[in-house]
Amino acid sequence: MNVNVTTEAEVCAREPIHLSGAIQPHGFLISCSWPDWTVRHVSANVAELLDLPPRALLGTSLREHVDGSFLEAIADALRFIEPGLAAQRVATVNLGRDGALCDVSTHLHQGLVHIEIEPQTTADGSTGLTANAMIGRIAGQDPAPGFFQQVASLVRELTDYDRVMVYRFRADDAGEVIAEARSDEVEPYLGLRYPASDIPAQARHLYLLNRLRVIPDAQYAPVPIEPALHVGGAPLDLTHHALRSVSPVHVEYLRNMGVGASMSISIVSGGRLWGLIACHHRTPRPVGPGMRATADLFGMYVSMRVAGHEQATTMALFDQSQQLGDVLRESTLKGQSLADVLPTYLRVVARLLDADGVLMILGSRQASIGPVPGGESLSELCAWGAARAGAVAMTHRREDWRSQSHPADGLAGVLAMAFGRDGDGLYCFRKEQIEEVTWAGTPHKATVPTDDGTRIAPRRSFAAWRETVRGQSVQWSDSDRRIAERLYDILIDLHRRSTVNADEQQTLRQRQNVREESERLSRLAAMLGDMQHLDEAQTRYLAEQIAELELHMRSITHRGDREDNSGDR
């Protein structure tokens, strides 16, 4: 009997959160075919805005129900909006029977123009803090703990949320709160870690596409979209909708945390989601478009600072790796082998990759600095590296590359630059870091049965849950990988050249031996022809010497031909 076990991460990753089929109730959605303005989808609450039920709108032209200037403002904006980008605020207009003042956002996707309408409320007011003022307070600072603490404080000053956190994603996609500004009435989350399944991959992808997400009321009831299915029977894709109803699991998660409203601002670096500025409030809290625009602009500046700092750090290390490559290349061009030159620069490699130990294995030659494995662990290392030759391989977990449960050397992480199947290459190591991790509640979430399978049950407790982590090192970063890949390209090129040079030198030595022996044979033959006065015994002795020399020459020549052919393969 086959038993399929589905992990919590797999359950989270399968949830189609961009196909929720509903919006949040603080706004309205009208989706029209473009450019004829025929209404194809509406939110079920549209009657509150236009005093017409959804069925009366579907299939008609939106021109029949709104003022022409409203559509002209949207059409003007669409000339500058690329399909598939996030919704953009394009106008503030009076709509509906009562002429309510509304903010309008729009975007193009799936061949439709999507119009999102949010009535302004008296609670939307801004605190008066501008993006320029916020940026001015942190301008010129490097992204360090103090920088992120100021970021959290400034966003809280702007929004007046009960808690604002800077939440950074680790290499394993778990998140950690690295800065926090909060009211005295809420418990601190600073330093807590959250499992990767709290924000699964598809949610992180949406945070990349939509830099700012707002849930004004976590107790909201979703408003369905009519009809739910798009042309061809597929659900309407709400990836870029600002009003998109979020996952029920996420809403339940917020409620379990005691959160009544939330806002998140994405921090993006190098095309990846670096982290979030996460805002929580204990009660519902509308966030007006002016405040959202300020928060979005400030978030883009924070992203720029983080990305710039990471790029500058990586480029400095990249330049150092290039300089190391130039030194190695110059030495090998002067006739030195890579195995002779590389040991001198192992400390430079350790500094570039922040490694505790570095080991070079090239044939019978080994060299190392710092702690490196030995004995059976060395054999396991070579096998692990050989199986991954051709690319940089790295892990921070001891169990991935060695079988011993408690090795005496205390090493856990390895970054391998193996040159071939024999395991030759350069290996960098990091020591085990026994870490006391404080999670926001147990990181192991359970699934609960439903009528159609199972679903994730968000944890109900966020009290600190501590765990001792062993057998792991500090994780290798994306920057480590990029530097290692550059260094690997240089080393494997020099290794190949060094191997070719060694083969060529061997061939030259063999050919020289053949020439020398041939010359010796010619001299003996000449001596034999000139020494007619030798008796029979002396002549026989010389003949035997010549025959032995000929046999030796044939063996040298045959061996040289065989090795030449082997080199061709």
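Histidine 240 is in contact (heavy atoms within 4.5 Å) with Gly84, Leu85, Ala86, Ala87, His107, His109, Glu116, Leu209 and Asn210, leaving aside its neighbours within four places in sequence. Histidine 240 lies in the loop between strand E11 (223-226) and helix H8 (248-256). Its relative accessibility is 5%, so histidine 240 counts as buried. Buried means under 20% relative accessible area, exposed over 50%, and partly exposed in between (1.4 Å probe, protein chains only). Helices (H or I, at least four residues) and strands (E, at least two) are DSSP runs, numbered from the N terminus.

This is a predicted model: local features need pLDDT of at least 70, side-chain atom pairs count only at pLDDT 80 or more, and totals for chains, interfaces and linings use all residues. Residues are numbered from 1 along each chain as its sequence is written, and side-chain values use heavy atoms, with hydrogens and water left out.

**Strand E7 and its partners**

- Strand E7 (residues 163-169) is mostly covered, with 6 of its 7 residues buried.
- E7 runs antiparallel to strand E8 (residues 175-182), and 7 bridges join them. Two strands pair if DSSP finds at least two bridges between them.
- Phenylalanine 169 has glycine 175 in E8 as its bridge partner.
- E7 and E8 form a hairpin with 5 residues between them. Aspartate 173 in the turn has a positive phi of about 75°.
- E7 also pairs with strand E13 (residues 272-281), antiparallel, over 6 bridges. There, valine 166 has isoleucine 277 as its bridge partner.

**The five-stranded sheet**

- An open sheet of 5 strands has the order E15-E14-E18-E17-E16, with antiparallel pairing.
- Its edge strands, E15 (365-369) and E16 (393-395), each pair on one side only.
- Strands E17 (residues 411-418) and E18 (residues 425-431) are joined by 7 bridges. Methionine 417 stands opposite leucine 426 in E18.
- Helix H12 (residues 375-386) packs on the sheet, touching strand E14 (357-362), E15, E16, E17 and E18.

**Nonpolar cores**

- A nonpolar core is a set of buried Ala, Val, Leu, Ile, Met, Phe, Trp, Tyr and Cys residues joined through side-chain atoms within 4.5 Å.
- The largest has 33 residues. Leu353, Val358, Met417, Leu426 and Cys428 have the most contacts inside it.
- Helix H13 (478-530) is one of the elements that each supply at least two residues of this core. H13 gives the most, with 8 residues.
- Leucine 353 is in contact with residues including Leu415, Met417, Cys428 and Trp476.
- Another core, of 31 residues, lies apart from it, and Ile135, Cys279, Met291 and Val302 are among them.

How values were computed
Axes fitted to C-alpha atoms, helices over the stretch in contact; angles between N-to-C directions.
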